[in-house]
Amino acid sequence: MSLSFFSLVTGLYVLHFSIALILVNKEVPQTRGMLYPRESETREVRSLDGIWNFVRSDQANPTQGVRDEWYAKELSKSRPTIPMPVPASYNDITTDNLRDHVGTVWYDRKFFVPRSWAKDQRIWLRFGSVHYEAYVWINGQKVVKHEMGHLPFEAEVTDLLSYGAENRITVMCDNALIQTTVPQGRITEVPNDGGMTIVQSYTFDFFNYAGIHRSVHLYTTPRTFIEEVEVTTNLSKDATIGEVFYSVSVNGSAANEADNVLHIQANLYDKEGVLVANATSDGKLGGKLQVNQVKPWWPYLMHPEPGYLYQLEIKLLATNDELLDVYRLKVGVRTLSWNSQQFLINGKPVYFRGFGRHEDADIRGKGLDNALMVRDFNLLKWIGANAYRTSHYPYSEESMQFADEHGIMIIDECPSVDTENYSQELLGKHKSSLEQLIHRDRNHPSVVMWSIANEPRTGSVGADSYFELVANYTRSLDKTRPITAAIAVPNTQDKAGRSLDIISFNRYNAWYSNAGRLDMVTQNVIDEAVAWNKRYNKPIIMSEYGADTLEGLHMQPAYVWSEEFQTEVFSRHFKAFDELRKKGWFIGEFVWNFADFKTAQSYTRVGGNKKGVFTRARQPKAAAHLLRKRYFALGRDLDQCSFPEDLFTYIADLIS
Ligand code: GCB
């Protein structure tokens with residue numbers, strides 16, 4: 001085994017305390033491939049989801065499984081295993097304290113590879129995400145190592161598989177967070193009743209769920225295949241003609257043969273399956289499709305037909321027009337633009353009304369759950385939201401596709417949260433997290449902004465150059481979307497805002513400041529937003545506000561933690577937002593949080609963070625009904641949407 005394959009675990013959890021004053025802009029590794037696995041006439045996809053076998057390492061001995069080569073045979077030969085669902089966080093599945101385990105855990109399962117797959121093609125193993133660091137073996141042979149949760153990774157396994165036979169996949173997952181992981185944490189050794197123990201701490205306010213969080217797939221490609229597709233779009237001034245620019249990269253031997261000039265046949269179909277544009281590329285494998293009478297992609301409630309998607313079919317052809325590979329993806333045609341006052345979609349100013357959210361649920365933790373995802377989108381639409389921020393890490397690819405379909409705008413956040421102790425190593429990983437995120441999500445029309453951090457310590461030493469480097473790097477990867485960060489330090493101390501395009505700020509008036517004082521919300525919100533705008537002359541979003549609320553607790557007059565209090569806190573913010581909207585540069589309001597979610601144990605959290613407008617079981621609290629009225633009222637005021645019939649409950653016939 002190479003040393004680099006085991007860098008984190010063999011190095012143990014070294015504590016880094018470097019405060020670098022000089023940060024250098026070094027290259028970071030670039031992601032290749034990783035198109036979402038889709039079947040086509042040239043590709044097959046197989047899921048490896050299901051019940052896997054699971055072993056936790058001894059906390060005091062996280063590297064034992066590596067030294068003893070547990071991957072060389074079935075895990076059950078080394079240790080007793082327990083069943084573990086994939087995808088899911090492992091933390092809340094058992095009845096013992098697996099929840100608080102720190103360090104490595106192991107998974108394995110067997111699977112069959114059909115004999116037909118041995119034909120002239122390539123096989124890829126792809127993980128939607130494993131948190132935090134993953135090491136993967138097939139039949140005892142190392143395949144891939146990946147650091148960073150919430151992001152996909154893959155590797156070719158063609159030569160490692162047995163065809164027409166049983167195979168074994170083994171995964172070691174390490175949840176340890178240190179000062180140079182993204183997000184950061186600390187590992188300490190402290191005394192307990194049994195001697196000494198390892199403790200994981202972190203400053204961010206959500207539980208550090210871990211495990212194989214998203215689906216695991218095997219998929220096939222031809223020997224020479226479409227490895228990358230990048231799409232950008234444009235609209236004519238009168239929004240009647242759309243342009244879809246595509247650029248394709250190919251992997252495989254035929255791509256390198258001088259006498260074989262590969263080309264692309266690109267076909268664009270509308271929702272009814274009618275071909276609306278087609279083009280044949282030159283040898284550069286890129287080109288443009290022109291769509292007359294285009295139906296642009298619009299956000300929910302901004303247009304009667306939101307989330308309109310075309311299907312782009314990419315066919316890779318050899319010189320003799322032999323079909324080598326086919327890949328299809330959905331495309332929304334829209335433009336984004338921004339200036340010092342506004343953010344516009346298809347030339348129309350946008351006012352964001354939405355949420356900060358979490359991928360979080362009882363039992364499955366951060367594991368992909370289609371039922372939950374569909375329920376959440378139903379609630380988003382019920383409440384009239386048009387946007388959310390993927391606080392505080394990238395969400396599942398399936399949810400990004402869903403947002404495209406439903407016209408929900410996404411502020412796409414990388415996993416950097418509470419960023420501090422700026423170091424060269426951290427900078428490299430932070431940039432890499434953005435590179436992986438942009439690579440994964442760049443073709444989604446729903447993604448309208450990149451968020452490069454949540455509540456970074458932007459007042460501290462080094463923040464200035466650190467965030468300049470991170471923002472410039474993000475811009476170098478994608479110039480079509482603006483960059484923001486959700487900032488919580490006072491604007492007088494902030495050193496990052498100058499590097500952003502849009503300023504987002506988080507503040508908890510009447511909660512963390514002046515708890516209970518409903519008379520100290522409206523003016524404070526107005527003053528702070530004005531101060532941010534004055535300092536940077538950029539559009540401003542309030543990206544978090546709210547109050548913890550225990551469902552069923554009622555107190556009149558309003559008292560902290562009651563449903564009445566959350567409702568009142570929201571209402572006082574609405575007043576501020578309406579004042580701010582008149583100023584022209586205030587472009588959005590985001591409640592914290594969509595639903596209650598789990599956190600680390602602390603005396604400030606009763607069963608987790610309760611700032612949800614919905615409970616963890618996705619039922620509305622009283623404030624949800626108020627918020628719904630506001631979001632639809634804004635929709636009607638700004639974009640002439642109609643009201644749902646049940647928005648107002650009948651009280652009395654006031655005409656008679
Ligand atoms: C914040 C954080 C968020 C927390 C929230 C809270 O500012 O961005 O992650 O959950 O406050 O409720 O404390």
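Visitor: Helices (H or I, at least four residues) and strands (E, at least two) are DSSP runs numbered from the N terminus. Which helix holds T474?

Guide: T474 sits in helix α6, residues 463-477. This is a predicted model, in which local features need pLDDT of at least 70, side-chain atom pairs count only at pLDDT 80 or more, and totals for chains, interfaces and linings use all residues. Residues are numbered from 1 along each chain as its sequence is written, and side-chain values use heavy atoms, with hydrogens and water left out.

Visitor: Is T474 buried or exposed?

Guide: T474 counts as buried because its relative accessibility is 0%. Buried means under 20% relative accessible area, exposed means over 50%, and partly exposed is in between, with a 1.4 Å probe and protein chains only.

Visitor: What does its side chain reach?

Guide: The T474 side chain reaches the backbone oxygen of V470 at 2.7 Å. That is a polar contact: a pair of N or O atoms within 3.5 Å where, within protein, one must be able to donate a hydrogen and the other to accept it, and residues adjacent in sequence count only if both atoms are side-chain atoms.

Visitor: Where is R442?

Guide: R442 lies in the loop between α5 (424-441) and β28 (447-454). R442 has a relative accessible area of 18%, so it is buried. Its side chain makes a 2.9 Å polar contact with the side chain of E228.

Visitor: New topic. Which residues come nearest the ligand?

Guide: D205, H392, E455, Y512 and K611, out of 13 residues around the ligand. A residue is near a molecule or strand if one of its heavy atoms lies within 4 Å of it.

Visitor: How many residues are in the largest nonpolar core?

Guide: It has 92, and F355 and L627 have the most contacts inside it. A nonpolar core is a set of buried Ala, Val, Leu, Ile, Met, Phe, Trp, Tyr and Cys residues joined through side-chain atoms within 4.5 Å. Helix α8 (residues 563-581) gives this core its largest share, seven residues.

Visitor: Which domains does that core draw on?

Guide: At least three residues come from each of domain 1 (44-175 + 210-222) and domain 3 (348-639). Those bounds come from an automatic or database domain assignment. A second, separate core of 32 residues includes L98, V157, L161 and A210.

Visitor: How far apart are the C-alpha centres of domain 1 and domain 2?

Guide: They are 34 Å apart. The contact takes four residues from domain 1 and six residues from domain 2.

Notes:
Contact means heavy atoms within 4.5 Å.
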